[in-house]
Amino acid sequence: MTPARSASDRRTFLKATTTTSATFLLGSAATASAAPVRAQSEKADRKVKVAVIGCGSVSTKYFPHLKGCPYVDLVAACDIKPERARRAAEQHGIPRHFSHMEQLLAGSEFEMLVNLTDMQEHEHLNREAIDAGKHVWSEKPIANSYEAGQELLDRAVEKRLILRGAPTPVASPQFAFMNQALREGKLGKVSAAHAAYGHLGPDWAAFFYEEGGGSLPDLAVYNLTTLTGLLGPAKSVMAMLNIVTPRRNLHGDITIRVTEEDNAHVLLEHAGGALSHIQSGFNYFDPHGHEGTGQTRPTITLTGTGGAMGLIGYDWAPQGVELATSADPILRPHCTDPQGYVWQNGASLMAQSLATGERLPFTAEHALHVVEIITAARESSLSGQRMKLQSTFEWPIQV
Ligand SMILES: NC(=O)c1ccc[n+]([C@@H]2O[C@H](COP(=O)([O-])OP(=O)(O)OC[C@H]3O[C@@H](n4cnc5c(N)ncnc54)[C@H](O)[C@@H]3O)[C@@H](O)[C@H]2O)c1
């Protein structure tokens with residue numbers, strides 16, 4: 001089998017084809033010819049002024065990555081809990097901090113908002129930022145429904161702004177390897193895939209378990225992005241969802257009622273002809289813990305008439321790919337180096353892309369397709385019906 005391009009091959013290739021594309025600013029569909037973002041150089045000609053809203057758990061991963069990105073000038077931090085914004089500003093040398101979006105927009109000049117707030121807050125904050133002329137990187141989901149997300153994207157494109165959202169597994173070298181193996185027909189006709197992601201659930205915030213939360217937008221979103229990225233947009237979806245733990249303790253003392261699914265099983269029919277099953281939940285014992293450290297087994301498997309392939313580790317922390325084909329029917333490890341890929345890279349890559357014109361491998365259309373799958377899965381679980389999907393995205397993905 002021919003391995004995917006090595007890291008240095010990819011860098012050389014990307015360097016040779018790098019162009020600063022003005023069309024990049026118009027959205028994803030028109031940008032197929034621009035080079036994708038590549039490994040960060042140490043110096044940047046232009047820095048993008050970035051403000052972060054939401055200084056909770058995930059921000060502790062984002063801030064250091066943004067600080068280390070040569071294309072980012074962190075100018076403001078904001079949180080409705082003022083103490084959190086102040087602490088983040090002090091810790092990371094950020095000049096301004098605020099306790100409300102209105103104050104942030106009025107009191108700080110910035111180009112790009114990084115939205116790390118509760119899932120239920122994203123849609124309205126993303127809209128306020130776009131209306132104020134800011135580019136937006138949003139943690140998942142970009143919006144609470146496909147329709148609202150599409151409306152946000154239309155507003156952004158009209159204003160020549162970029163809107164993108166987590167997660168970013170399509171930017172990993174392991175995704176690139178699997179994508180290329182599929183394009184080269186290594187698996188023959190791909191028939192089936194399975195993916196699973198879960199842990200025992202966050203205990204620091206109620207929003208994960210309330211309306212607008214749930215294991216689908218928090219956890220399954222990664223596997224849904226990876227499998228639709230590899231196998232094509234979903235044409236239809238069926239699902240069974242339930243609540244295994246109806247009451248939860250937060251911080252060890254407050255008890256909350258769980259209203260959204262903490263156990264989800266989703267079946268997808270992909271445009272490429274394969275069927276896939278994705279499961280996610282907040283009741284999964286994982287010997288590798290919340291961080292998934294030290295995973296040695298595949299969490300995603302794909303099978304076809306001519307081969308089988310598995311992603312070792314989670315797609316947000318990939319450890320390698322195993323592949324067996326009819327020509328070489330032994331599962332062999334490939335692409336075992338994450339090559340610097342980390343899941344919290346999205347906002348930094350977007351700043352780099354804004355500064356250089358390099359193309360991002362992840363699109364808003366793909367993120368919104370996943371939002372539509374999630375809402376359709378909920379409708380399917382309630383009605384028992386197979387749901388047809390309307391959205392799509394440019395596929396195969398160019399990475
Ligand atoms: N924590 C993780 O490991 C992790 C990993 C990947 C993605 N995420 C995603 O990141 C987002 C945040 O998760 P988290 O775990 O950091 O939650 P969190 O509760 O720890 O942090 C959210 C912060 O947003 C602030 N906030 C809420 N509404 C706001 C508003 N309107 N204006 C300003 N600040 C506001 C809260 O006060 C809080 O400090 C979610 O979308 C989650 O799915 C979290």
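So, which residues do ring pairs link into a cluster? They are Tyr197, Tyr222, Tyr314 and Trp316.

Quick caveats: this is a predicted model, where local features need pLDDT of at least 70 and side-chain atom pairs count only at pLDDT 80 or more, while totals for chains, interfaces and linings use all residues. Residues are numbered from 1 along each chain as its sequence is written, and side-chain values use heavy atoms, with hydrogens and water left out.

Okay, what counts as a pair? Rings of Phe, Tyr and Trp (its six-membered ring) pair if their centres lie within 6.5 Å; planes under 30 degrees apart are stacked, over 60 edge-to-face, and the rest tilted. By that rule we get 8 aromatic pairs.

Take tryptophan 137 and phenylalanine 362: they sit edge-to-face, 5.6 Å centre to centre with 65° between the planes. This pair links distant parts of the chain, 225 residues apart, with tryptophan 137 in strand β5 (135–138) and phenylalanine 362 in the loop between α9 (346–356) and α10 (364–383). Helices here are DSSP runs of H or I, at least four residues, and strands are runs of E, at least two, numbered from the N terminus.

Buried or exposed, then, for tryptophan 137? Tryptophan 137 is buried at 0% relative accessibility, and phenylalanine 362 is buried at 4%. Buried means under 20% relative accessible area (1.4 Å probe, protein chains only), exposed over 50%, partly exposed in between.

Tyrosine 314 is buried at 5%, and tryptophan 316 is buried at 7%.
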